[in-house]
Amino acid sequence: MLFLSAILLKMVYRRFVEIGRVAFVRFGPDEGKLCTVVDIVDQNRALIDGPNIRRKAISFKFLHLTGIVITIAHGCGTSAVKKAWEKEGVEEKWCQSTWYKKLQMKATRRQLSDFDRFKLMKVKQRRSWLIKMEMGRLKKAQKK
């Protein structure tokens, strides 16, 4: 029973829709941009704003919440959002996140040509071969 409760504690959701929560727009015309939740319109939509996005209501289905939260007042204006955005250093935090790095990696891989993919495959094969050779040497040395 204790084990089950420990698992359930790990599954607790920690990213809630709240005023000041930074979100990543996943669908629509602003896809791939960061915004912050300024107000909650109803159970399906939020009012968002950000330095690269115009203030508008957007469905929660289009947003992916990040772990970044800025301190802003309920329903504050665009200039206040921009000041808080810069003060909290949201862009720097986002660029250091693994989520951003994965997005960059996917974008880089999408731009590879066939020959680039072939070269990448050969490098991976070589790395795998070197690892196998070193593991063989270590096993042989351990047996002695």
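Met-121 comes out as partly exposed, with 38% relative accessibility; buried here means under 20% relative accessible area, exposed means over 50%, and partly exposed is anything in between (1.4 Å probe, protein chains only). Met-121 sits in helix α5, residues 114-143. Helices are DSSP runs of H or I with at least four residues, strands are E runs of at least two, and both are numbered from the N terminus. Together with Phe-115 and Phe-118, Met-121 makes a nonpolar surface patch of about 320 Å². Patches are built from residues with over 30% relative accessible area and no salt bridge, joining like charges within 9 Å and nonpolar side chains (Val, Leu, Ile, Met, Phe, Trp, Tyr) within 5 Å. The areas come from the Shrake-Rupley method with a 1.4 Å probe, and for residues only the protein chains shown count as cover.

A word on the model: it is a predicted one, so local features need pLDDT of at least 70 and side-chain atom pairs count only at pLDDT 80 or more, while totals for chains, interfaces and linings use all residues. Residues are numbered from 1 along each chain as its sequence is written, and side-chain values use heavy atoms, with hydrogens and water left out.

Helix α5 also holds a charged pair. Arg-117 forms a salt bridge with Asp-114, with the closest N and O atoms 2.6 Å apart; the rule asks for a side-chain nitrogen of Lys or Arg within 4 Å of a carboxyl oxygen of Asp or Glu. The two residues are three apart in α5, so about one helical turn separates Arg-117 from Asp-114. Arg-117 is partly exposed at 40% relative accessibility, and Asp-114 is exposed at 59%. Elsewhere, salt bridges with shared partners join Asp-30, Lys-33 and Lys-56 into one network.

The salt-bridge count comes to nine. One of them pairs Glu-18 with Arg-21, whose closest N and O atoms are 2.7 Å apart. Glu-18 is partly exposed at 31% relative accessibility, whereas Arg-21 is buried at 4%. Another links Asp-42 to Arg-45, with the closest N and O atoms at 3.6 Å. Here Asp-42 is partly exposed at 33%, and Arg-45 is partly exposed at 37%.

Next up is helix α2, residues 78-88, whose buried residues are Val-81, Ala-84 and Trp-85. Looking down the axis of α2, these buried residues fall within an arc of 105 degrees, so they line one face of the helix; the arc is taken over the directions from the helix axis to the C-beta atoms. The face turned away from that buried side carries the exposed residues Ser-79, Lys-83, Glu-86 and Lys-87. Cover for the buried residues of α2 includes strands β1 (21-25), β2 (34-40), β3 (45-50) and β4 (53-59), along with helix α3 (90-96), where contact means heavy atoms within 4.5 Å. After α2 comes Gly-89, with a positive phi near 70 degrees.

As for the cysteines, the disulfide count is zero, a disulfide being a pair of cysteine sulfur atoms within 2.5 Å. Cys-35 is in no disulfide, and the nearest cysteine sulfur, that of Cys-76, is 13 Å away. Cys-35 is buried, at 0% relative accessibility. The sulfur of Cys-95 has its closest cysteine sulfur in Cys-35, at 16 Å, which is too far for a bond. Cys-95 is partly exposed at 35% relative accessibility.
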